Amino acid sequence: MKRKIYGTLCGLLAVGMVAGCGTQGTASNAANGGNASGTAQDTAAEGEGTDAAEPEQNQAESQTITVWHDGDESIMQVIAEEVNKELEPENVTVAFEKKSGLTDQLQLYGNDEENGPDMYFYAHDSLGMFAEMGILAPITDFVSAEDEKDLLPMTIEAGTYQGTQYLLPVYYETLLFLYNQDLWEGEVPETTDELYVYMEEHTDTAAGTYAVVNQHSTAYNVAPFINGYGAYIIDENANPGLNTEEMIEAVTYNKQFAELMGEGDYDTCNTLFNEQKAAAIIGGPWLVSGIKEAGINYGIKSLSEFTLPNGKPLAPYSGVQGIGVLKHAGENKKDAVASVLKALGKENVGISLAKKSSCAPANEKSYEDAEVAADEMIMAMRATAETAQPMPNLPQMSVMWGPAESFLAAVNKSGEDVATAAETYQQAAVTAVEDMQ
Amino acid sequence: MRKKKQISVWMHSLPAMVLIGGIIVFPIIYTAYISLTNMNLFHWDNYEMIGLDNYVRALFKVDTGFLTAILTTLLWTALNMVFQVVIAFFMALGLNAPGLRLKNVYKTLLMFPWAMPAYVSILLWRVGIYNTEFGLANKVLSALGFEKINYLSQNIPAFISCMVLNLWMALPFMIMMFDGAFQSIDKSYYESARMDGAGFWMQVFHITVPSVKPIMAPAVIMTTFTTFKQFDIIYLLTQQKGALTGATLQTIITYAHQNAFVSNNYGLSSAVSMIIFVLIVVISLFLNRGLKEEV
């Protein structure tokens with residue numbers, strides 16, 4: 001008898017262990033155009049925070065569009081407030097949910113109507129990967145050219161993959177020249193050659209004091225030189241360009257700056273600038289809060305205002321944050337999705353983002369607001385947008401960062417010959433691109 | 001009756017078997033299956049069987065760096081284990097020296113690196129010791145009038161730097177194991193040896209080493225595996241995204257990580273993972289045989 005009880009209990013225990021593997025019944029209401037966010041929050045999003053308060057759910061009247069993001073929650077809050085205000089008459093609500101590791105999450109849930117999101121908010125450089133996976137619907141299915149007429153062309157280009165626009169740009173980031181006004185002597189130069197002369201005169205590597213610091217072996221931070229020289233890390237046909245003549249010229253030119261910039265990693269550069277051991281830093285707007293906390297009297301100059309020896313301006317990469325539509329939502333919630341996109345593209349979202357979160361809006365009209373126009377940092381990014389190039393959004397770019405940065409590190413840190421290293425890492429890049437297939 | 005007993009045994013072990021099957025066996029079988037397909041970003045839903053192509057690519061295409069990574073891993077494991085065992089042995093011996101005062105204080109302090117989370121230790125070493133601007137190693141060099149050195153920019157210095165950090169992190173465990181093993185040796189052996197005129201080295205090689213061998217073998221085997229599959233130290237010291245140091249060290253685990261998470265080629269990275277799995281199984285069998293002979 002005892003044996004039977006033990007046996008039954010063990011069997012039940014074994015069955016209980018696999019019970020969780022079954023699919024959970026969900027009150028899916030896709031058919032009536034209803035709300036998938038409840039499902040997403042109950043299952044996939046368990047334990048994750050929600051940015052916007054869950055709206056009162058009266059499914060007969062209102063519709064909720066769930067947006068996954070991996071960004072700053074306060075920024076999403078600003079967007080949600082503006083968009084929800086705009087969408088109130090249409091009974092559509094946007095709910096942002098933070099998902100760390102969004103790329104992996106979308107790989108798992110991109111095609112999952114029940115557990116996945118309706119839209120996603122992310123940087124544009126992952127766009128090609130999602131488009132190749134076939135999980136996205138073109139933005140042009142929901143908005144017209146008229147709706148996008150005020151968006152900066154650079155930001156639209158960023159959201160376009162192989163001729164199809166999949167991302168509606170909302171705001172963007174570029175690198176800036178940030179300097180300590182108490183340490184910098186005289187005017188900030190207009191050319192990179194003059195900047196180099198200033199650096200030579202004001203840098204003492206042995207004492208650990210620098211004129212300018214930059215992450216000199218990080219491809220994103222060297223991109224202003226690479227793009228300025230007309231070189232490219234990867235072209236539109238996914239061909240790596242690490243050994244082109246222009247790239248060798250750009251990397252050789254960057255190397256002389258690197259020699260006067262110390263170790264050049266993110267933490268070291270920031271610490272040197274914040275501890276006033278460096279008079280200037282090339283970095284993004286994300287550094288500003290730390291600089292303010294350090295009590296530095298800082299000034300900002302757009303990188304586009306520096307001219308290279310070839311007469312062209314520095315041209316940094318831009319990272320455009322925008323919103324994309326998952327294919328299933330495009331099919332089942334077309335009207336609600338279209339309303340959300342139209343609301344997001346308006347200038348009031350950009351104005352709020354600029355005022356409350358110091359983001360550079362994708363909508364040109366937002367810059368006409370007096371308060372936005374008076375913001376030095378945002379206007380510097382606006383000026384940079386003229387020469388900035390969107391980071392490549394090809395999926396192959398994800399494997400190019402490694403070889404490109406190894407190339408820069410080999411030249412700047414290990415002292416390898418530029419041409420030799422260019423060949424070595426071009427080969428590594430070609431192999432990496434081939435290995436994706 | 002016998003059959004009933006057999007069923008009962010199976011029923012009792014069923015929950016554990018389901019658990020092991022679900023979280024250990026199934027992923028291995030699934031990885032093996034994926035390794036035979038061309039599953040990647042461009043064949044996300046429409047992948048198909050391609051036989052052993054991924055294995056051929058991983059093993060026979062020399063420029064993929066896989067073979068170099070295997071050699072680096074073997075060298076890394078061998079050197080670390082030799083240094084760990086020898087240094088820990090003598091440090092534990094020192095801690096057991098008769099008449100040593102504050103023995104317990106030393107032992108507690110020595111445990112400190114082991115108790116710290118690896119991620120914190122590694123980043124502390126990267127910034128606090130090896131950094132060219134703020135690192136202690138360069139501060140000392142500067143104070144002595146020498147030029148700063150970038151310890152992590154070339155492969156050999158970077159390998160040594162990683163090894164020093166690995167020793168710092170791993171020695172406490174080994175010292176503790178040796179310390180425990182030494183307590184089990186009967187002190188009368190040493191007294192007899194001394195009466196017979198045996199010196200320090202004679203006692204070490206003829207009493208201490210043979211006595212601790214069977215006790216230490218499992219600890220050494222465990223540490224060998226930990227060292228073999230070490231990832232954090234090499235990755236965080238030299239390959240952190242956006243902070244490459246110039247060194248191009250790759251162990252098979254960092255190599256597999258680069259293939260699995262960067263290239264999105266799940267077929268190829270599964271093949272690499274299966275090769276690593278087989279390698280670990282072979283080494284495990286080899287070491288277990290050694291262990292049995294020892295005991």
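Okay, let's start inside chain B, where two helices touch. On one side, α4(B) brings Lys107(B), Leu110(B), Met111(B), Pro113(B) and Trp114(B), and these meet Trp168(B), Met169(B), Pro172(B), Phe173(B), Ile175(B), Met176(B) and Asp179(B) from α7(B). Sort the residues of that contact by type and you get 10 nonpolar, no polar and 2 charged. Before I go on: what we're looking at is a predicted model.

For our pair, α4, which is residues 103-115 of chain B, crosses α7(B) at roughly 135 degrees, and the axes come within 6 Å. Angles over 145 would count as roughly antiparallel, and 65 to 115 as roughly perpendicular. As for handedness, α4(B) passes α7(B) in a left-handed crossing.

Now, α7(B) has another partner. Helix α5, residues 118-130 of chain B, packs against α7, residues 155-183 of that chain, at an angle of about 130 degrees, with the axes 11 Å apart. That angle makes α5(B) oblique to α7(B). Here, though, the crossing is right-handed. Who makes the contact? From α5(B) we have Ala118(B), Ser121(B), Ile122(B), Trp125(B) and Tyr130(B), and from α7(B) it's Ser161(B), Val164(B), Leu165(B), Trp168(B) and Met169(B). By type, that's 8 nonpolar, 2 polar and no charged.

Let's zoom out to the two chains. Chain A puts 44 residues in contact with 39 residues of chain B. An interface's size is often given as the accessible area lost when the parts come together. Between chain A and chain B, the buried area is about 3,600 Å², and carbon and sulfur atoms give 55% of that.

What about charges? Side chains of opposite charge can pair when their charged atoms come close. How many salt bridges are there between chain A and chain B? The count is 1. Arg57(B) and Asp435(A) meet through their side chains, at 2.9 Å, N to O.

Over all chains, the whole structure has 15 salt bridges. One I'd like you to find is within chain A, where the side chains of Asp70(A) and Lys98(A) pair at 3.7 Å, N to O. This one links distant parts of the chain: Asp70(A) is in the loop between β1 and α3, while Lys98(A) is in strand β2, 28 residues apart.

Technical notes: Residues numbered from 1 in each chain as written. Chains lettered and ligands numbered in written order. Predicted model: local features only at pLDDT ≥ 70, side-chain atom pairs only at ≥ 80, totals over all residues. Heavy atoms only, no water. Axes fitted to C-alpha atoms, helices over the stretch in contact; angles between N-to-C directions. Helix = DSSP H or I, 4+ residues; strand = E, 2+ residues; numbered from the N terminus. Parallel < 35°, antiparallel > 145°, perpendicular 65-115°, else oblique. Left-handed = near helix turned anticlockwise from the far one by under 90°. Contact = heavy atoms within 4.5 Å. Nonpolar A, V, L, I, M, F, W, Y, C, P; charged D, E, K, R; others polar. Buried area = accessible area lost by both parts, 1.4 Å probe. Salt bridge = Lys/Arg side-chain N within 4 Å of Asp/Glu carboxyl O.
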